[in-house]
Amino acid sequence: MRMWNVDPRVMCNQHILGEHLEVHMFVNAIIAGKKLDGFIRNGKVEVRNLRTRHYQLVKQMEHLGMNHLSPLPVFTNPYVEDGEVDLKESLRTMAFRCFKCFVLQRLEAGVLVQLEKPERLWQEWKALQIDGEERYGKK
Ligand SMILES: [Zn+2]
Ligand SMILES: [Zn+2]
């Protein structure tokens with residue numbers, strides 16, 4: 001369970017839906033009185049930004065024509081010490097784990113103007129896999 005916090009435009013549909021669900025899971029955990037200390041310490045959640053993040057993800061879901069039927073419940077942030085998600089780490093991990101996110105990052109960065117060389121991109125992504133698991137964890 002984690003927040004990626006990256007620009008939703010560089011996230012594939014599966015990652016958008018996944019993070020959206022996890023934002024709900026974090027909020028449900030807070031409402032249920034469960035401790036998020038481990039997630040906070042490991043930079044997996046920014047409790048203060050859960051509501052804003054939910055909004056960003058829902059906006060992108062709507063933009064992509066997906067339905068959103070799950071308003072975020074009301075909750076209060078019980079944490080004084082909050083987490084800090086490392087955006088660069090999020091981007092690297094997503095690019096390693098997910099070919100679609102990798103391609104979207106390249107497009108957004110202007111490295112690609114269009115998807116003209118899918119096989120070259122695939123080779124690049126495959127090369128990432130060689131030592132990626134050590135750095136970014138198993139998929
Ligand atoms: Zn929702
Ligand atoms: Zn993805």
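User: Which residues of α3 are buried?
Analyst: Leu50, Arg53, His54 and Leu57 are. Bear in mind that this is a predicted model.

User: And how do those sit around the helix axis of α3?
Analyst: Looking down the axis, the buried residues of α3 fall within an arc of 100°, so they line one face of the helix. That goes with a general point: an α-helix has 3.6 residues a turn, so residues three or four places apart point the same way.

User: What's on the other side of α3?
Analyst: Thr52, Lys59, Glu62 and His63 are there, and they're exposed.

User: What covers the buried residues?
Analyst: The cover over the buried residues of α3 includes α1.

User: How far apart are the end C-alpha atoms of α3?
Analyst: They're 20 Å apart, which agrees with the 20 Å that its 14 residues should span at 1.5 Å a residue. Just after α3, Gly65 takes a positive phi of about 80°.

User: Switching topic: in the largest nonpolar core, which residues touch the most other members?
Analyst: Met11 and Cys101, out of 20 residues in that core.

User: Which elements give two or more residues to this core?
Analyst: α1 (13–31), α3 (50–63), α4 (87–97) and α5 (99–108). The core also draws at least three residues from each of domain 1 (1–85) and domain 2 (87–136).

User: Back to Cys101: what is it in contact with, leaving aside neighbours within four places in sequence?
Analyst: Cys101 is then in contact with Val10, Met11, Cys12, His15, Met94 and Ala95.

How values were computed
Residues are numbered from 1 along each chain as its sequence is written. Chains are lettered from A and ligands numbered from 1 in the order in which they are written. This is a predicted model: local features need pLDDT of at least 70, side-chain atom pairs count only at pLDDT 80 or more; totals for chains, interfaces and linings use all residues. A nonpolar core is a set of buried Ala, Val, Leu, Ile, Met, Phe, Trp, Tyr and Cys residues joined through C-beta atoms within 7 Å. A residue is buried if 20 or more other C-beta atoms lie within 10 Å of its own, exposed if 12 or fewer, and partly exposed in between; C-beta atoms are placed from the backbone. Helices (H or I, at least four residues) and strands (E, at least two) are DSSP runs, numbered from the N terminus. Domain bounds come from an automatic or database domain assignment. Two residues are in contact if their C-beta atoms, placed from the backbone, lie within 7 Å. The expected span of a helix is 1.5 Å times one less than its number of residues. The arc is that of the directions from the helix axis to the C-beta atoms.
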